[in-house]
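Colleague: Hi! Could you walk me through this one?

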Amino acid sequence: MLLGKTDGDNFLPLELLQALQNCIQNSVITSNPEQVRRLFEQWLQMLLSISKSQYGWISRVVNPPFGPPYFKSLAITNISWDQKSQECYDRYYKVGLEFRTLNSLYGEMLKHRSVVISHDCKNDPRSSGVLPPGHPPLYSFLGVPMIHGGQFVGAFGVANRPGGYDMSVVQDLEVFTSCLGVMIASVNDHEGLRSTERLLQRKENLFRCLTGLSPLGIIHTDEKGSCKFVNEKWAEWMAHDCAFSSRSSSLVSSSPLSSSTSSSTD
């Protein structure tokens, strides 16, 4: 693919090449969801500009413990057509819209991890063929999956390019797609880490809840015998034993037997 030419549909204009460079330079993935959302909104605007598309979305792939994978949006064009759709967009665009329907054009990417092109979306047998009332027309569609390190990490979908889409458009987007795949893989890594941390926290909370309800004393030690954890019941027993030992010591030291033993020793 050639870059830097300003004439011809098969080349990236210099201004878009500069925009891509700026996006890469500013693409520092953090754990801040708001910063991540703004970052991918920039990438989406550049994608629409490069592909000359009317609207689109960028999503990452989520692989749940049970059930098939699905897409969760990182950025999506606001195509609200009434108050209800605007409220839906406002409610979900920050946390991410989920795309789970396999009987759809984007579902083809989930199933086959391959490029999807359609110029008759309504009648395409791969499509559900149904759009919500008032939804902007979907004349043509291009879906491109992103593979990074052998893993299916995400995808983007764009719609309504004048003249439609073909594989030459996909080729023109190769550099963009590769860079975007790296960014999404980074987000997935962060999300995986947060999921692991949340899972560990839930296990810790469950463990403490169960040990707190147990009628038995529980103590956990490491391989050296050092105490790492005791539940409330064990702590109560220890407190009781310490108090009993303290009272017993006082009784022994003041008993006649103790005094006589002490005198005979002298």
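Colleague: Let's begin with Arg37: buried or exposed?

Modeller: Arg37 counts as buried, at 9% relative accessibility. Buried means under 20% relative accessible area, exposed over 50%, partly exposed in between (1.4 Å probe, protein chains only). Keep in mind that this is a predicted model: local features need pLDDT of at least 70, side-chain atom pairs count only at pLDDT 80 or more, and totals for chains, interfaces and linings use all residues. Residues are numbered from 1 along each chain as its sequence is written, and side-chain values use heavy atoms, leaving out hydrogens and water.

Colleague: And what does Arg37 form a salt bridge with?

Modeller: Glu41, with the closest N and O atoms 2.7 Å apart. A salt bridge here is a side-chain nitrogen of Lys or Arg within 4 Å of a carboxyl oxygen of Asp or Glu. Glu41 is partly exposed at 28%.

Colleague: How many salt bridges are there in the whole structure?

Modeller: Four. One of them joins Lys111 and Glu108, at 3.1 Å from N to O.

Colleague: Switching topic, what is the strand order in the sheet?

Modeller: The open sheet has six strands, ordered S3-S2-S1-S6-S5-S4 with antiparallel pairing. Strands (E, at least two residues) and helices (H or I, at least four) are DSSP runs numbered from the N terminus, and two strands pair if DSSP finds at least two bridges between them.

Colleague: Which strands are at the edges?

Modeller: S3 (98-99) and S4 (116-118), each pairing on one side only.
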